[in-house]
Amino acid sequence: MEQESLFDERFLQSYAGNIVSDPTTAIVELVANCWDAYATEVSITLPNAKAERHFKIVDNGKGMTREEFEHIWRTWSYNRIAAQGKKSEPPLDVQGLPRAVFGKNGKGRFASFCFATAYIITSRKNGQEFVCKVSRTSIKPLVLEEQSFIAEGVQGHGTIIVGIDEIPRLQLTEEKAREIIGSRFLANPAFKVSIGGKQISFNDIPDYLSEAEVEVDGLGKARILHIDTKKADKTTKQHGIAWWVQTRAVGQCNWSPSDYERILDGRTSEAKRYTFIVQADFLNDLDAVREDWSGFKEENSAWQITREAVQDRIRKIIHDAGRNEREATKSAVIERVGNTINALSPVSKDRVSSFIEEVVETCPTFGENEIVQLTTILTKLEQSKSRYGLLDVLHKCAPNDYDSLHEILTQWTVSTAKLVLDEIQNRLKLIGELRIKLQEVGVDEVHELQPLFERGLWMFGAQFESIDFTSNVGMTQVIKTIFKDTSGKGSLNRPDFVVLPDSSVGFYARPSYDENHDEDGVDHLVILDLKTTGLPLGSKEKNQVWKYVKELRERGYIRKHTKVDGFVLGDKIEVGENEVNAHGDEVKIYPMLYDTILVRAEKRLLNLHSRVKDAPFLLEQREELKKFMEPLSVQQMDLAEAAR
């Protein structure tokens, strides 16, 4: 069963918006349709309920065939650009350059409903003429009823729309309509629009129009008419610079690439609000106009000089026109951030105030909120210790780094990100330092390695992340702190670990607690026995750790149930000595290569060390360690040589 779509009576209002409800929007849409049809003359009669006068608009554009009309009017979201292109060619009997069109989605065809509840449309093209009634109901947004059709023999081209039925009461006067249309469609002298039988001219837009002259050295005088629509349109179409020579348009009204470079950014509201008509008749005598009037001859020196002079003057006009707006923006910004600025030192206060002044003057695209944000950032930089160092770092970043930084700061606070990154940085630097210091056989790990492993217990496993340990105290104090024994004796040669001829030994303990949550001993002990590089690890080295454990048990420092993990580290292991020595369930002693623990550490950091090896802090560390590993340069003979 075939079913029709149903429409709520509010559908057209929702679909077309202001086009069917706002007379100023609707009248611009209708005139734009005439422009797109390449009309040169448009005549408008506004409706007047009191005088019983219906709306009417007549144009001499290309018109439509019946087939074109039915396709366009019956197609929702009609794609004008895809169907007819971005340019509109003139009718066969009209000379002119292709026009850039306004229409995109075909919604402008509903604008007549703003001036009439229903209308009759008559259009002629290619010898055809059709007449159709267009109306709408509460359940159908568009109803087409053909009144007549002539298939051939009709002269001329163009379209007529006449309102019928009820005449709406509008608040749009002829004077206001002239202003609205004139401010947007006076740039091309070949496009004439009349309302009530009177052609729209510059006299109809006194509040939108200003005039200036520029003397072009040695060439002549150019007249500049500045049209300000007061409100930015959605696009720059019919805005920009229109050049007239001998009351004839040269090229299209637009902002050229050169204008964007010398005058303004095409994305700004000014680019969608201002139109400048430049009358420079002297360029015709100087052979600056192309033969088809599509533009000027780029190599012509008179055109080059004139264009730059006019662009400079237009830039000044725009700047002067925005003075009041800039002052208002400046005052609004200071009102919002003034208290913060006043808290700065006099020098910083002057610097921030000058910044606001310069940004408002030189960056017209920045709104109040953007300037407030920038000023707040600058104020915080003035208050910070690093001052403008952050800006130098950002200056060196690639564009994709900014995207990454934005993503990080939207998901993390700076404080939490720094906390995590600091920990990662410390661990990466530890890995880097260990790698370099383990390169040379015979390096004194007693002095160089044990302090590093004190900070790197995490490398041995996640269970050691939270172990408490002591450092930089005499061995007696280490024993006293870890094992709670005040009578223990320790070597003072190195106060933070035990020093032996071929190794260094560190003890790291996690306390145990009784039922009252008081410490009552050691729950878990880690012993790190770091051997000199070049010394193979065997049963002797593993048994030495077991002797430490037995000694500590005998002296009561640890209990039988205390868990002990002993790690004996070196750069080589004797054949057959790779196995773990276990003494009951509590004590395990692991022989391990330095390279193995470093590989484990890198995996625990997800191999970040190799992926971020060019990080600035790692490059800086490598340079420092390179200097550390280099022998000192000697300027004199040693004592033995001197004694000979």
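**Close-up views of a predicted model**

**View 1. Ile27 and its contacts.** In this predicted model, Ile27 touches Ile44, Leu46, Phe55, Phe115, Leu172, Ile180 and Ile181. That list leaves out residues up to four places away in sequence.

View 2. The largest nonpolar core holds 57 residues. Which of them touch the most other members? They are Ile27, Ile44, Trp73 and Ile121. Helix H2, residues 23–36, gives the most to this core, with 8 residues.

**View 3. The hairpin of strands E11 and E12.** Strand E11 covers residues 209–216, and strand E12 covers residues 220–228. The two run antiparallel, and 8 bridges join them. Together they form a hairpin, with 3 residues between the strands. In the turn, Gly218 has a positive phi of about 70°. Look along the pair for Val214, which stands opposite Ala222 in E12.

**View 4. A nonpolar patch on the surface.** Leu405, Ile408, Leu409, Trp412, Val414, Leu419 and Val420 form this patch. Together they have about 640 Å² of accessible area. Which elements give two or more residues to the patch? They are helix H13 (399–411) and helix H14 (414–437).

View 5. Leu419 lies in helix H14. Is Leu419 buried or exposed? Its relative accessible area is 64%, so Leu419 is exposed; the cut-off for that word is over 50%.

Key: Residues numbered from 1 in each chain as written. Predicted model: local features only at pLDDT ≥ 70, side-chain atom pairs only at ≥ 80, totals over all residues. Heavy atoms only, no water. Pairing = 2+ DSSP bridges. Helix = DSSP H or I, 4+ residues; strand = E, 2+ residues; numbered from the N terminus. Patch = residues over 30% accessible without salt bridge, like charges linked within 9 Å, V, L, I, M, F, W, Y side chains within 5 Å. Areas by Shrake-Rupley, 256 points an atom, 1.4 Å probe, with all protein chains shown as cover. Salt bridge = Lys/Arg side-chain N within 4 Å of Asp/Glu carboxyl O. Buried < 20%, exposed > 50% of the residue type's maximum accessible area, 1.4 Å probe, protein only. Core = buried A, V, L, I, M, F, W, Y, C linked by side-chain atoms within 4.5 Å. Contact = heavy atoms within 4.5 Å.
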